[in-house]
Each structure stands twice: as C-alpha cells, then as structure tokens.
Amino acid sequence: MSEIDVLKLDEQLDNYRNRLQELLQTSQFLESDSEEEKIRILTSMKPPINHLALYKYYKLDVDGYVLHSIRNNMITLTSPSLFNDPYDSLFYVNRRQVKAAQKEIPPQKIIEFINARKNGMDLGSKHLNFIFDSFRKIPEEKLQKISLSDEMTIDRNTSELISLITTYLQNKVRISCFSESFASPLMWAHYADSGKGICVEYDIQLDKMFHSFEHGGYTMSLCCFPVLYSTKRYDATNLVEQTLLQIICGPNNILDQDLLKLLKMTLFKSSEWSYEKEWRIFAFPFFPNEPSRINSTFPTIKSIILGHAMKQPQIELVKETVRSLNDKAGIDVLLKRAIIDTDDSDYTIRVVEE
C-alpha cells in the first residue's frame, strides 16, 4: 500500500470513528429503535473497505501460551477488569441519582423482592444472586417495616448495589484489543517486551463485524469496533438506575441485554490512550461464574512481525510456529521483521519481509 493510500485509509478510519462516536452519544438512537434496527444502522455505516488489517502486540510468555494460540489461529478474549488501565470499562455513576431512584420504589416491591430472595425463589437468572445478597443484610424483624424513605436503609445498600451492578455489567463481556498500527514505538515497548516480542497482523472482515460462535453450549455474539476516545468517562447512571429498578420491579427481574449499552461501556476510553488507535473485538453475554478468558478462531492471521530486539532462539520458535500454522490451517502466513531506522530523522519503525 502506498503512502498516499495509507493516509487515505487513516482518514477514512478517523471519519468512521468520529461518526460512530457521534451516533453512540445520541440518546435518541440508544432509546428509540429496536435492537435489530440499531445493529442494521451500525453495520451500514462501516468503513468503505471489506478487509481491515489490525495488529496485536505480544510478549512471548515462558509457558508458550501465546505461540500455542497462534499455532491454533486463536485469539484470547479477556474480562476488562484484567486490563492495565484501571479506568477501562469503569463507568461513572451519579450515586445521588441512583439513591433518589431507590426512594421511588414502592416499599411493597422491596418486601416482595426480599421475601422471594430469602425463600430461594428463582428471580429470572441464577447469575444475579450475588446482587440480591445485599438485601439479605436487612434483619428479619425489620423486613415488614422497611421504608425506602429510611435514609439509613438506602445509604446502606446504594454503594454496594452500584458496585455489584458495575461488576456484573463489566463481566458480561470479554474483549481482545488491537491497533491500526504496527509501527508504534510505545506499543512495541509496552506490549511486546521492548521489541523482544512480536506483532501479529490480523485480517478483519468487516462484513463479519457481527459474528456468532458457540461457547459452552450456547450462541455468543462477537463484534468489532474502534475505541472512542474521550476526556470524560461514560456516564452509566441511567443504565445502573434502570438495572436496579429492573432487578426489583421488572418482569421476572431479568436484566436488559441491550448491546448498545455494553458498547458504550466498553468502547469509550480516556483520550490519553488515543495514540494506540485501538479496535476491540468483544463477545457477550457472559456471567460472573464463567472464565475470565476464552478463545476464538476469529479473525485470521496474515503475518507475524518479529520484534527488532528478539533473540535467535525466540525467532526460531516463532518460525516453527508459523510453519506449523501454515501446515495445519492451509494458509500462507508471512514472516516479517521490525527494524529501527537509525537513518531516518523521525522515530520510525520499518517492517521488511524475513
């Protein structure tokens, strides 16, 4: 791809990211259309290309897990709670607003809710029991006298409920992170062991940006979108408030599974990270008792770039992995090498075929 083509693609991707961010920040879009219509709108506004090259930086672990995953053409999707950014998917909640919402719940609903939970009734999802447990702290003798105008009752539960709902929503997704760039010195340093690791090029088929796969006996949804950089955290106050009300007052106490809410939660990230030009593949829904990491065979590996500081034994391991992958999958994965260009006045990392 020529330099002009690269610049043109960068511009297209930036425009796409801006349009997506504008759309996801439009409350009317989130609240009005059906789930199917929202997905249709999202897929119709994808970049004007069918295939997108995205890159993932790896440190070669001593257990060989990374090379094992590559050999089997798999990626790992991880709970955002395990990421290096402490604010990743940690949305903002206005506690006073949630507290006010609790006051509006009819006391009889709370009494029915607590009685049902204490009697072991299935309230719609066994995976939500950890949220219900916070209400069990209310002594039995006070149960029939409970009033949501009681400030002590509300204060006692609001913080814990917000924390539990936040954890629940974060653990509904598993994410794998990629970059538009293979030549970022910072990313080689942070994620590829200061150039002693590798960078894998993946072929993302944008017509499969909504993709289904089987996991644990049921069908999961898998999506691919760019990260949206912002100076403010995603305000999930309304989402937490609705979740709380739905748990207690909703039909069968089943949580809303709205994809768009999960997208906003996981795609907005601090502008401090914008240099990564990050994209995310994420899968949902998951539940708190499931593994924090899963594997997926989507997308496909196109090439592997050896870090400029790799030692020969590791290079040989990667070469053997590529040969094994090519033989097993019947594909032609290219092997490349990153080079620090000391003759260039810019901070440039070039890539050449091995």
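The count of salt bridges comes to 13, a salt bridge being a side-chain nitrogen of Lys or Arg within 4 Å of a carboxyl oxygen of Asp or Glu. This is a predicted model, in which local features need pLDDT of at least 70 and side-chain atom pairs count only at pLDDT 80 or more, while totals for chains, interfaces and linings use all residues. Residues are numbered from 1 along each chain as its sequence is written, and side-chain values use heavy atoms, with hydrogens and water left out.

Start with Asp-88. Its salt bridge with Lys-269 has its closest N and O atoms 4.0 Å apart. Asp-88 sits in the loop between strand 2 (75-78) and helix 5 (95-103), and Lys-269 sits in strand 8 (residues 268-270), so the pair ties together parts that are 181 residues apart in sequence. Helices (H or I, at least four residues) and strands (E, at least two) are DSSP runs, numbered from the N terminus. Both Asp-88 and Lys-269 are buried. Buried means under 20% relative accessible area, exposed means over 50%, and partly exposed lies in between (1.4 Å probe, protein chains only).

Asp-88 has a salt bridge with Arg-280 as well, at 2.5 Å from N to O. This pair also links distant parts of the chain: Asp-88 is in the loop between strand 2 and helix 5, Arg-280 is in strand 9 (residues 278-284), and 192 residues separate them. Arg-280 is buried, as is Asp-88.

Another salt bridge joins Arg-337 and Glu-354, with the closest N and O atoms 3.0 Å apart. Arg-337 belongs to strand 12 (residues 334-340) and Glu-354 to the segment after strand 13 (349-353), so parts 17 residues apart in sequence are tied together. Arg-337 counts as partly exposed because its relative accessibility is 23%. Glu-354 is partly exposed too, with a relative accessible area of 42%. Back at Asp-88, salt bridges that share partners make one network of Asp-88, Lys-269, Glu-276, Glu-278 and Arg-280.

Now take the whole protein. The secondary structure comes to 13 helices and 13 strands. Of the 354 residues, 48% are buried. The protein exposes about 17,700 Å², and carbon and sulfur atoms supply 50% of that area. Accessible areas come from the Shrake-Rupley method with a 1.4 Å probe; for residues, only the protein chains shown count as cover. Among contacts (heavy atoms within 4.5 Å) between residues at least 6 apart in sequence, 80% join residues at least 24 apart.

In strand 4 (residues 198-205), 7 of the 8 residues are buried, so the strand is largely enclosed by the rest of the structure. Strand 4 pairs with strand 1 (residues 51-58) in the antiparallel sense, over 8 bridges. Two strands pair if DSSP finds at least two bridges between them. Within this pairing, Asp-203 in strand 4 stands opposite Ala-53. Strand 4 also pairs with strand 11 (residues 300-306), again antiparallel, over 6 bridges. Here Val-200 has Ile-304 in strand 11 as its bridge partner.

What of the nonpolar side chains? In soluble globular proteins, nonpolar side chains tend to be buried together. The largest nonpolar core here has 72 residues, and those with the most contacts inside it are Ile-70, Ile-198, Phe-225, Ile-281, Ile-304 and Val-318. A nonpolar core is a set of buried Ala, Val, Leu, Ile, Met, Phe, Trp, Tyr and Cys residues joined through side-chain atoms within 4.5 Å. Helix 1 gives the largest share of this core, 6 residues. Another core, of 9 residues, lies apart from it and includes Ala-192, Cys-199, Ile-305 and Ile-349. Ile-70 touches Ile-198, Val-200, Ile-301, Ile-304, Thr-321 and Leu-325, not counting residues up to four places away in sequence.

Leu-13 lies in helix 1 (residues 3-24). Leu-13 counts as buried because its relative accessibility is 2%. Leaving aside neighbours within four places in sequence, Leu-13 is in contact with Pro-47, Leu-52, Glu-180 and Trp-279.

Last, confidence. The average pLDDT is 78, and 77% of the residues score at least 70; pLDDT is the predictor's confidence in each residue, from 0 to 100. Over residues 121-131 the pLDDT is below 50, and this stretch has 24 contacts in the model beyond near neighbours in sequence. Residues 252-256 also stay under 50, with 16 contacts beyond four places in sequence.
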